[in-house]
Amino acid sequence: ITLIGFVFLFLMFAIVPGYKGFAISWAASEKGSINDADFWYLCQSNVMFLLSSFAPALPLLQRNTYKRAQNMFWFFFTAGSVLAVISIVIYPGNNTGWSALVSFLASITTASSLLVMTQAIAQEHRPYKGSPETKPKQD
């Protein structure tokens with residue numbers, strides 16, 4: 001199974017409990033509060049997830065050979081970071097399911113940022129089977 005297939009497999013497994021939780025929170029129609037323990041767990045988990053997504057890519061981002069992949073990394077990482085902040089901001093005063101859904105979208109986009117970088121590295125290390133004159137240039 002390829003890395004992309006592996007990621008999509010995990011994504012499919014994560015969607016089921018995520019949407020089950022959303023349905024439960026929607027049925028309960030409870031609004032979040034900064035006094036909820038879950039609010040502070042959300043803050044903690046978003047900070048740690050962003051750190052764990054950024055730290056492994058840092059050595060790769062210092063190289064200049066992956067410009068296109070770096071741009072895609074920053075796009076996905078920034079989108080994930082913005083969604084993580086939004087999930088915290090909307091928690092108080094709204095149904096907690098919305099915050100969980102936005103947090104899940106943040107996880108998807110941030111995981112996509114790492115997937116982009118790993119694919120760039122894998123592409124670099126694949127043997128090229130064409131003639132040297134037609135070998136694609138690296139970014």
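Select Ala14 to begin: with a relative accessible area of 29%, Ala14 is partly exposed. Here buried means under 20% relative accessible area, exposed means over 50%, and partly exposed lies in between, with a 1.4 Å probe and protein chains only. The model is predicted, so local features need pLDDT of at least 70 and side-chain atom pairs count only at pLDDT 80 or more, while totals for chains, interfaces and linings use all residues. Residues are numbered from 1 along each chain as its sequence is written, and side-chain values use heavy atoms, with hydrogens and water left out.

**Helix 1 and the whole chain**

Ala14 belongs to helix 1. Helices are DSSP runs of H or I with at least four residues, strands are runs of E with at least two, and both are numbered from the N terminus.

Now select all of helix 1, residues 3–28. Its 26 residues should span 38 Å at 1.5 Å a residue, and the end C-alpha atoms are 38 Å apart, so the two values agree. The expected span is 1.5 Å times one less than the number of residues. Step past the end of the helix to Ser29, where phi is positive, near 45 degrees.

Zoom out to the protein chain, which has five helices and zero strands. From the N terminus on, the order of elements is α-α-α-α-α. Of the 139 residues, 26% are buried. Among contacts with a separation of 6 or more, 76% are between residues 24 or more positions apart; a contact means heavy atoms within 4.5 Å.

**Helix 4**

Select residues 67–90, which are helix 4. This helix has 24 residues and reaches 34 Å from its first C-alpha to its last, close to the 34 Å expected at 1.5 Å a residue. Its buried residues are Ala69, Gln70, Phe73, Phe77, Gly80, Ser81, Ala84 and Ser87.

Next, pick Leu83, also in helix 4. At 21% relative accessibility, Leu83 counts as partly exposed. Which residues does Leu83 touch, not counting those up to four places away in sequence? They are Val102, Leu105, Ala106 and Thr109. Show Leu101 as well: 18 residues separate Leu83 and Leu101 along the chain, and their C-alpha atoms are separated by 9.8 Å.

**Helix 5**

Move to Ser103, which is in helix 5. Ser103 is buried, with a relative accessible area of 12%. Leaving aside neighbours within four places in sequence, Ser103 is in contact with Leu42, Asn46 and Ser87.

**Aromatic rings**

Show the side chains of Phe, Tyr and Trp. Rings (for Trp, the six-membered ring) pair if their centres lie within 6.5 Å; planes under 30 degrees apart count as stacked, over 60 as edge-to-face, and the rest as tilted. There are ten aromatic pairs by this rule. Look at Phe22 and Trp98, an edge-to-face pair at 5.2 Å centre to centre with 75 degrees between the planes. The two residues link distant parts of the chain, with Phe22 in helix 1 and Trp98 in helix 5, 76 residues apart. Phe22 is buried at a relative accessible area of 19%, whereas Trp98 is partly exposed at 39%.

Go back to helix 4 for Trp74 and Phe77. Their ring centres are 6.0 Å apart and their planes stand at 85 degrees, so this pair is edge-to-face. Trp74 and Phe77 are three residues apart in the helix, and are therefore separated by about one helical turn. Trp74 is partly exposed at 38% relative accessibility, and Phe77 is buried at 12%.

The last stop is the second largest pocket, with about 370 Å³ of space. Of the 16 lining residues, the closest to the pocket centre are Val7, Ser107, Ile108, Ala111 and Ser112. On a 1 Å grid over the protein atoms alone, a pocket is an open set of points where a 1.4 Å probe fits, with protein on both sides within 12 Å along at least five of seven lines, and lining residues have an atom within 4 Å of a point. Grid points are joined across faces, edges and corners, and the volume is the space filled by probe spheres set on the points.

Select helix 1 (3–28), helix 2 (37–54) and helix 5 (96–125): each supplies at least two residues of this lining. Helix 5 gives the most, with eight residues. Colour the lining by class to find twelve nonpolar, four polar and no charged residues. Nonpolar covers Ala, Val, Leu, Ile, Met, Phe, Trp, Tyr, Cys and Pro; charged covers Asp, Glu, Lys and Arg; the others, Gly among them, are polar.
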